[in-house]
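Colleague: Hi! Could you walk me through this one?
Modeller: Happy to, let's have a look together.

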Amino acid sequence: MEFNMEKQSLEGKWLGQETNYPTSYNPNFLVAIPRTLNREHLGIQEAELPFVGFDVWHAYEFGCITEKGLPVNALLKLVYPANSPNLVESKSLKLYLNSFNMHRLGKTVKEALEAAQELIVSDLTKCLGVKPELHLFTENNASTLAFDLAHYPRIDFEPFLEDMEFVHFAENPDLLKIDKHQESVLHFQSSLLRSNCKITAQPDWGTIYIRMEGKQLPGLKAMAAYLVSFRDEKHFHEEIVEAIYSRLWKGFSPSSLLVCAVYTRRGGIDITPVRASHSFLYPLSLKNPEKLTEKLFRQ
């Protein structure tokens, strides 16, 4: 199904209006968005992507029922590459996954989960244009590991932030100035990132993780001002991360670069796009569909 703004059923609805959630399995809810739509304005060419990467989705509200009607509840982790032709629109994925709620699959919980996973992988392969990696966790097999990038220094409570004046709330790459005093490696995490959904205009809150290595880099003040400049923008999560990556890559020519954003869940789903200059920078536990990492404060 091609991307069409008018297909988003909740856009423009008032508080209190009922959402018509699906009552039976329906793969036609899935809406594919060509990645080119989010990359053209950044000058990113599909044939020569300036990064490698992947998108990680966690769906915390997945369920179906067995053939005898026994509820089966699971947490779904989905991973697919940044070079897929399409991404899946998040509201459409929520409605699609909800269509499983009363769907009967398998004689046992194990059979139900296996059948659900097979269906979802098949449907998402058609939507994304690539075969995703996917795993369904239940409470008895959902042990978690520490988040890969948790050791990155957090800048949100640094004193210099309160001395700054923030006046730019539309993305402004001119704020990214070279800091002559910045060391050759810049790495930090911050929850200053906030933007708005491209479809519904709902706020999107993210924690950003950035690691850069190079001869001339921006300083933390410049990075803080730039991140805040997304506050009134309307973009998809993936587009925000690729914009940040693209500005840093083109503006500073670093020898290595990682940009990862962990977004607060909305509608029971959170999204974590990861873009990197080299695959050795990947947060490996996050990338592994069969491993769960600890939820962060903002998730």
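**A chat about the sheet**

Modeller: Here is a pair to begin with: Leu186 stands opposite Met212 in E8. Keep in mind that this is a predicted model.

Colleague: Thanks! How many bridges join E7 to E8?
Modeller: Ten bridges join them, and the two strands run antiparallel. Helix H5, residues 220-228, packs on the sheet and touches both E7 and E8. The direction of H5 makes about 20° with that of E7.

Colleague: What is the strand order in the whole sheet?
Modeller: The order is E5-E3-E2-E10-E9-E8-E7, in an open sheet of seven strands with antiparallel pairing. At the edges are E5 (133-137) and E7 (185-196), each pairing on one side only. On average, neighbouring strands are turned by 15° against each other, ignoring direction.

Colleague: Which residues sit on each side of E9?
Modeller: In a regular strand, side chains alternate between the two faces of the sheet. One side of E9 has Ser256, Leu258, Cys260 and Val262, and the other has Leu257, Val259, Ala261 and Tyr263. Both faces are covered.

Colleague: What about the hairpin of E9 and E10: how many residues are between the strands?
Modeller: Five, and Gly267 in that hairpin takes a positive phi near 65°.

Notes
Residues are numbered from 1 along each chain as its sequence is written. This is a predicted model: local features need pLDDT of at least 70, side-chain atom pairs count only at pLDDT 80 or more; totals for chains, interfaces and linings use all residues. Side-chain values use heavy atoms; hydrogens and water are left out. Buried means under 20% relative accessible area, exposed over 50%, partly exposed in between (1.4 Å probe, protein chains only). Helices (H or I, at least four residues) and strands (E, at least two) are DSSP runs, numbered from the N terminus. Two strands pair if DSSP finds at least two bridges between them. Axes are lines fitted to C-alpha atoms, for helices over the stretch in contact, and angles run from 0 to 180 degrees between N-to-C directions. Contact means heavy atoms within 4.5 Å.
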